[in-house]
Amino acid sequence: MIKTYNETLKDLLTHIFLIFFTLFLILPFFIMIGTSLKPYKDIITWPPKIISNDIQIGNFIEAWSNTYNLKAGFINSTIISGSTMILCILLGSVAAYALARFKFVGKRAFLFLILVTQMFSQVVLIVPLYNIMNRFGLLNTYTSLILANTAVSLPMCIWMLVGFFKEMSTSLEEAAMMDGCSRLKAIFKIVFPICAPSIVAVGIFSFINSWNDVLFSMIFITDPKMRPITLMLLDFKSQYQVHWNLLMAGAVIAVIPITILFIGIQKYLVRGLVAGTDK
């Protein structure tokens, strides 16, 4: 089918708009990378320089291991986010399977309640969570951040996995159970391996969500050795000066892992969100 002149013009204008809109969205990332490679004197000069003639790769070394030691925060964030991911995968997979396969009273209301929990800000939860962590002696521990981040990420993980499991036919697991497998064995031998990409995608979603956390770590952690990388970025701001070049270098280091992970799972996240929970 040959497009008319008006349709061709409309498509052209749409693509031009999308190109400029995309450039507008990624502009802060280019500014962040450019600032991370500048010496401090080039940041405070006017007019500002987009690209410095004096490239400072040493900013990353300074932020990573010398003065600010972001390496320790990177390790802390990896432990916290990795543990959160494992918990969300284990709990979310089992819960989502039950919601996708079994019929029980209040199922639709429960699914709706899971979605409603995402409407609450973390700020609303911080005081009761702090009291709980304090009562059980979990402040200044990985456990406090792992549990808090799991509580925040798990509802969305369940919601997405329900959609994934409902997309899968029940014939394979029914055939396995007819051959003598128990339902539990069929789940772990048939269902979970087939849905592995989706489960991994949900796990990475929870990893990213936990990695980006600042509020919980700011409230629950006071020991400098226990701080995740997102909280350590605040060290680049002193009383009278902000070391923008080092701060942007640290931000680039912090963003790299989640950027790589997000690029790998974005199609699974979209599919899970639009799959729905009732067909």
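**Ground rules.** I am working from a predicted model, where local features need pLDDT of at least 70, side-chain atom pairs count only at pLDDT 80 or more, and totals for chains, interfaces and linings use all residues. Residues are numbered from 1 along each chain as its sequence is written, and side-chain values use heavy atoms, with hydrogens and water left out.

**Whole chain.** I looked up the secondary structure and found 13 helices and 0 strands in the protein chain. Helices here are DSSP runs of H or I with at least four residues, strands are E runs of at least two, and both are numbered from the N terminus. Next I checked the spread: the radius of gyration is 23 Å, well over the 19 Å that the globule rule gives for 279 residues, so the chain is more spread out than a compact globule. (That radius is taken over C-alpha atoms, and the rule is 2.2 Å times the number of residues to the power 0.38.) Along the principal axes, the C-alpha atoms fill a box of roughly 75 × 70 × 35 Å.

**Largest pocket.** On a 1 Å grid over the protein atoms alone, a cavity is a set of points where a 1.4 Å probe fits but cannot get out; a pocket is an open set with protein on both sides within 12 Å along at least five of seven lines; lining residues have an atom within 4 Å of a point. Points are joined across faces, edges and corners, and a volume is the space filled by probe spheres set on them. The largest pocket comes to about 310 Å³. Its lining includes Leu27, Phe30, Lys38, Asp42 and Lys49. Two or more lining residues come from each of α1 (5–36) and α2 (40–43), and α1 has the largest share, with 5 residues. I noted 7 nonpolar, 2 polar and 3 charged residues in this lining. (Ala, Val, Leu, Ile, Met, Phe, Trp, Tyr, Cys and Pro count as nonpolar, Asp, Glu, Lys and Arg as charged, and the others, Gly among them, as polar.)

**Second largest pocket.** This pocket holds about 180 Å³ of space. Among its lining residues I found Thr117, Phe120, Leu129, Val152 and Asn209. At least two residues each come from α6 (122–135) and α7 (142–167). The lining has 6 nonpolar, 5 polar and no charged residues.

**Helix pair.** I looked at α9 (183–194) and α10, which pack at an angle of about 70° with their axes 4 Å apart. (Axes are lines fitted to C-alpha atoms over the stretch in contact, and angles run from 0 to 180 degrees between N-to-C directions.) The two helices are therefore roughly perpendicular, a label for angles of 65 to 115 degrees. Phe192, Pro193 and Ile194 of α9 meet Ala196, Pro197 and Ile199 of α10, contact meaning heavy atoms within 4.5 Å.

How values were computed. Angles under 35 degrees count as roughly parallel, over 145 as roughly antiparallel, 65 to 115 as roughly perpendicular and the rest as oblique.
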